[in-house]
Amino acid sequence: MSTASIPTGVTVIEHPLVRAKLTRMRDARTQPLEFRACLAELATLLVFEATRDLETRPDRIRTPLADHEGAALTRPVIVAPILRAGLGMAEGILRILGDASTAHIGMKRDEHTHLPACYYFNAPAHLAEAEVLVVDPMLATGHSASGAIARLKAAGAKRIRFICCLSCPEGLAHLRAEHPGVHIFTAAVDDGLNEKAYILPGLGDAGDRYFGTL
Ligand code: URA
């Protein structure tokens, strides 16, 4: 996808470290040990950019030498991994957002309706006050992400961002249409989906590669 055709509300995080880590993850020879490390490190890099405009409030502290007016985040952060591969991103994000809480969301395709169904939802009570970062390495059709965000909104979440490693035009279009208020951050936009809804060239099944269940 050329830069000119990136939809509004989508940020492609271009950075040499991001591209290099993503390439290691795409490589079919990369084993789960390295894949897990790269996914967590990539998530740390992505969240750094995705939180660039979070609101801060003044925080008056005293250094060993003098008073200082610094900054603290205005709102609490909740990381919301979509199971199961989102867990790998949450690990990297919690390294730099140590105070964040976690909301776990399990999504699967309903066999009859073919629509995304939520089979597990466990979120902290302060969703309405928090900045919620929904994470899933792959934005493919966009149905799981869209369903997960709808579930979070139903539970009270108001400020939601979506962070993924790989996306494609179909997933971006679907998620933007369903949730126009949710900004999407991605490391890359790939060509599209194959007949099994895998991203091409992609990296395969992120959950299988992370958990070694190939
Ligand atoms: N989920 C994955 O893990 N990989 C894809 O390519 C699409 C969805």
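Analyst: What follows takes each feature in turn, with the general idea where one is needed and then the case here. Keep in mind that this is a predicted model.

User: Let us begin with charged side chains. How many salt bridges does the structure hold?

Analyst: The general idea is that side chains of opposite charge can pair when their charged atoms come close. In this model there are 14 salt bridges. One of them joins Arg75 and Glu131, with N and O 3.0 Å apart.

User: Which parts of the chain does the pair of Arg75 and Glu131 link?

Analyst: Distant ones, 56 residues apart. Arg75 lies in the loop between strand E3 (67–73) and strand E4 (77–83), while Glu131 belongs to strand E8 (residues 131–135). Glu131 counts as buried, because its relative accessibility is 7% and the limit for buried is under 20%.

User: Where do Asp208 and Arg84 sit?

Analyst: Asp208 and Arg84 form a salt bridge whose closest N and O atoms are 2.7 Å apart. Asp208 is in helix H6 (residues 206–211), and Arg84 is in the loop between E4 and helix H3 (86–96). The two are 124 residues apart, so this pair also links distant parts of the chain.

User: What does Thr30 contact, apart from its neighbours within four places in sequence?

Analyst: With those neighbours left aside, Thr30 is in contact with Arg24, Phe35 and Arg209. Thr30 lies in the loop between H1 and H2 and counts as buried, with 5% relative accessibility.

User: Now the cysteines. How many disulfides does a search of the whole structure find?

Analyst: A disulfide is a covalent bond between the sulfur atoms of two cysteines. The search of the whole structure finds 0 disulfides. For Cys165, the nearest cysteine sulfur is that of Cys164, 7.0 Å away. That pair is not a disulfide, because the sulfur atoms would have to be within 2.5 Å. Cys165 is buried, with a relative accessible area of 0%.

User: Next, helix faces. Which residues of helix H1 (residues 16–26) are buried?

Analyst: An α-helix has 3.6 residues a turn, so residues three or four places apart point the same way. In H1, the buried residues include Val18, Leu22 and Met25. These three are on the same side of H1, because they cover an arc of only 55° around the axis. The elements covering the buried residues of H1 include helix H2 (32–50), strand E10 (159–167), strand E11 (183–189) and H6.

User: What can be read from Thr186 in strand E11?

Analyst: Thr186 has its place in E11 and is buried, with a relative accessible area of 0%. Its side chain reaches the backbone oxygen of Ala188 at 2.9 Å. Beyond its neighbours within four places in sequence, Thr186 is in contact with several residues, among them Val10, Val12, Cys164 and Cys165.

User: Last, strand pairing. Which strands pair with E4, and in what sense?

Analyst: E4 and E8 pair in the parallel sense over 5 bridges, with Pro81 having Val135 in E8 as its bridge partner. E4 also runs parallel to strand E5 (residues 101–102), joined by 2 bridges, and here Val79 stands opposite Thr102. A further 2 bridges join E4 to strand E6 (residues 104–109), again in parallel, with Leu83 partnered by Gly106. E4 is mostly covered, with 6 of its 7 residues buried.

User: Do E6 and strand E7 (residues 116–122) run parallel or antiparallel?

Analyst: Antiparallel, with 6 bridges joining E6 to E7. Arg109 stands opposite Pro116 in E7.

Definitions and conventions. Residues numbered from 1 in each chain as written. Predicted model: local features only at pLDDT ≥ 70, side-chain atom pairs only at ≥ 80, totals over all residues. Heavy atoms only, no water. Salt bridge = Lys/Arg side-chain N within 4 Å of Asp/Glu carboxyl O. Helix = DSSP H or I, 4+ residues; strand = E, 2+ residues; numbered from the N terminus. Buried < 20%, exposed > 50% of the residue type's maximum accessible area, 1.4 Å probe, protein only. Arc of directions from axis to C-beta. Contact = heavy atoms within 4.5 Å. Pairing = 2+ DSSP bridges. Polar contact = N/O pair within 3.5 Å; in protein donor to acceptor, adjacent residues only side chain to side chain.
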